[in-house]
Amino acid sequence: MTGTRKAVAVLFLLPALVLLGALVVYPIGYSLIRSFLDQSGDSFAGFDNYKALFTDDSVRTALKNNIIWVVFAPTVATALGLIFAVLTERVRWGTAFKLVVFMPMAISMLAAGIIFRLVYDADPSKGALNAVWVGVHDTFAESSAFPNAHPGRRSPLEADQGGFITHATVHSGRPVVLPLVGVAPDKMPKNTKPAVQAKPEPGKVTGTAWQDFTRGKGVGKLGAVDPSEQGYAGMRIEAVKGGSVVASTKTAADGTFTLPAAADGARLRLPADNFREPYNGVEWLGPTLVTPAVIGAYVWMWAGFAMVLIGAGLAGMPRELLEAARVDGANEWQVFRRVTVPLLAPVLAVVVVTLMINVLKIFDLVFIIPPGSSQHDANVLALELYRKGFSEDQPGIASAIAVFLLLLVIPVMLFNIRRLRREVRR
């Protein structure tokens, strides 16, 4: 009877064992053997493929980024999950909030990558993150309305530290002309008015800064204020003597300005702030920030997973311990740090270990989100394995990367198995 039961058990397990052997054991064995062969697969290469892991620039970049992923992604996702689980435990709408936070788990990595490729777009009119960032920036530091303005032909201005300054000194009672070009008529600010020739004032320096736009022969005079031309409204004018600013003002809507007597004998400067380029946000997917940006997309997806597991741990926590701590005078932060977190340590370990195994295999987001110019800077081992094996036709190095990834995962898996066995014994 016992033999019959064993036979039945083997028959039931046989399909699973066949699939396990075909899909797991055989690929691992083949990859291990292939990693010791040359790229053609005909000759034994020894450890040459493994040496390439530490000499190839792309593989080293991938290894460095994998370390960043393992350190930060599980930590941040688990910390956010813990915060969300604790803060939403006592509020009425906590269930709805948890549902919203967990919802990204229902989205595939491919879809999430496409979403965040758009979110991180450098163009503020397309990328949501840069649209918000630019809006906040412009609230405190508005960009210039005349970024392309510059002196034209026979101009009294010359370049000076990103701005422009007059060749000669100016004097009171003699109106100054500061003609500029480079701003299309349809790009002029709405508050500008037709330029006006400034009138002389005793003891003061007056002048006009305007768009000296002449449409052709016989229409408008170069260097002179014409009725059809627009003034530069709000442009800052500084009077400089001996390298110091002795007076400053801003032009009116018609481009006219007035400086006090202190400006007599000074040179007039249009500082660089007048020509500051519009702020276009942060290059999230550039070489510097691409890895943190992709990690942010991963955390968006997996923080909900961490929150649900930690929330389940909180639900099974003995409430009398928390109440006892409060009765003893502990504040909420002390209860959280010295009671809640230690009691949740087994659950937190499960979440961190699960996410560590997951990020070691990360591929989809890194393949989709970074543009071609930043792919190398965002590279990870799983993506490099794909490239070596399918794009660069180096199956030996690809197999070595696969074995190396397995070796990295095994210690984490052993730790998880030992921890689970300890939990069972308890």
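Helices (H or I, at least four residues) and strands (E, at least two) are DSSP runs, numbered here from the N terminus. The structure is a predicted model, in which local features need pLDDT of at least 70, side-chain atom pairs count only at pLDDT 80 or more, and totals for chains, interfaces and linings use all residues. Residues are numbered from 1 along each chain as its sequence is written, and side-chain values use heavy atoms, with hydrogens and water left out.

Confidence comes first. The predictor's confidence in each residue, pLDDT, runs from 0 to 100. The protein chain has an average pLDDT of 87, and 96% of the residues score at least 70. Among its elements, the lowest mean pLDDT, 81, belongs to helix α6 (residues 128-140), and the highest, 94, to strand β7 (residues 256-259). Where pLDDT is low, the predicted coordinates should not be read in detail.

The unreviewed UniProt entry annotates residues 7-28, 67-87, 99-120, 297-318, 339-360 and 397-417 as "transmembrane region". UniProt positions are given in the numbering used here, feature names are shortened, and such annotations may be inferred rather than shown by experiment. Two of these spans can be compared with the model. Residues 339-360 are 95% helix and 0% strand, with end C-alpha atoms 32 Å apart. Residues 397-417 are 100% helix and 0% strand, and their end C-alpha atoms lie 30 Å apart.

Helix α3 contains T61. Burial is judged by relative accessible area: under 20% is buried, over 50% exposed, and in between partly exposed (1.4 Å probe, protein chains only). T61 has 12% relative accessibility and therefore counts as buried. Contact means heavy atoms within 4.5 Å. With its neighbours within four places in sequence left aside, T61 is in contact with H376, D377 and N379.

N49, Y50, A52 and L53 are buried in α2. Seen down the axis of α2, these buried residues fall within an arc of 150°, so they line one face of the helix. The arc is that of the directions from the helix axis to the C-beta atoms. K51 and T55, on the other side of α2, are exposed.

Next come the nonpolar cores. A nonpolar core is a set of buried Ala, Val, Leu, Ile, Met, Phe, Trp, Tyr and Cys residues joined through side-chain atoms within 4.5 Å. The largest one has 46 residues, and those with the most contacts inside it are W69, Y298, I310, I362, L365, V366 and I369. At least two residues of this core come from each of α3 (57-87), α5, α7, α8 (319-327), α9 (332-343), α10 (345-360) and α11 (364-368). Helix α7 supplies the largest share, 15 residues. I310 touches T78, G81, L82, A85, L344, V347, L348 and V351, not counting residues up to four places away in sequence. Another core, of 24 residues, lies apart from the largest one and includes V170, L178, M188 and F275.

Aromatic rings give a further set of links. Rings of Phe, Tyr and Trp (its six-membered ring) pair if their centres lie within 6.5 Å; planes under 30 degrees apart count as stacked, over 60 as edge-to-face and the rest as tilted. By this rule there are 21 aromatic pairs. F116 and W300 form an edge-to-face pair, because their ring centres are 5.1 Å apart and their planes are at 65°. This pair links distant parts of the chain, with F116 in helix α5 (residues 109-119) and W300 in helix α7 (residues 290-315), 184 residues apart. F116 is buried at 9% relative accessibility, whereas W300 is partly exposed at 33%. W302 and F305 also form an edge-to-face pair, at 5.3 Å centre to centre and 75° between the planes. W302 and F305 are three residues apart in helix α7, so about one helical turn separates them. W302 is buried at 14% relative accessible area, and F305 is buried at 19%. One aromatic cluster is formed by F116, Y120, W133, W284 and W300.

Two loop residues remain. Most residues other than glycine have a negative phi. Q161 has a positive phi, near 50°, and sits in the loop between β1 (157-160) and β2 (163-166). Q161 is exposed, at 71% relative accessibility. D393 also has a positive phi near 50°, and lies in the loop between α12 (381-391) and α13 (395-425). D393 is exposed, at 60% relative accessible area.
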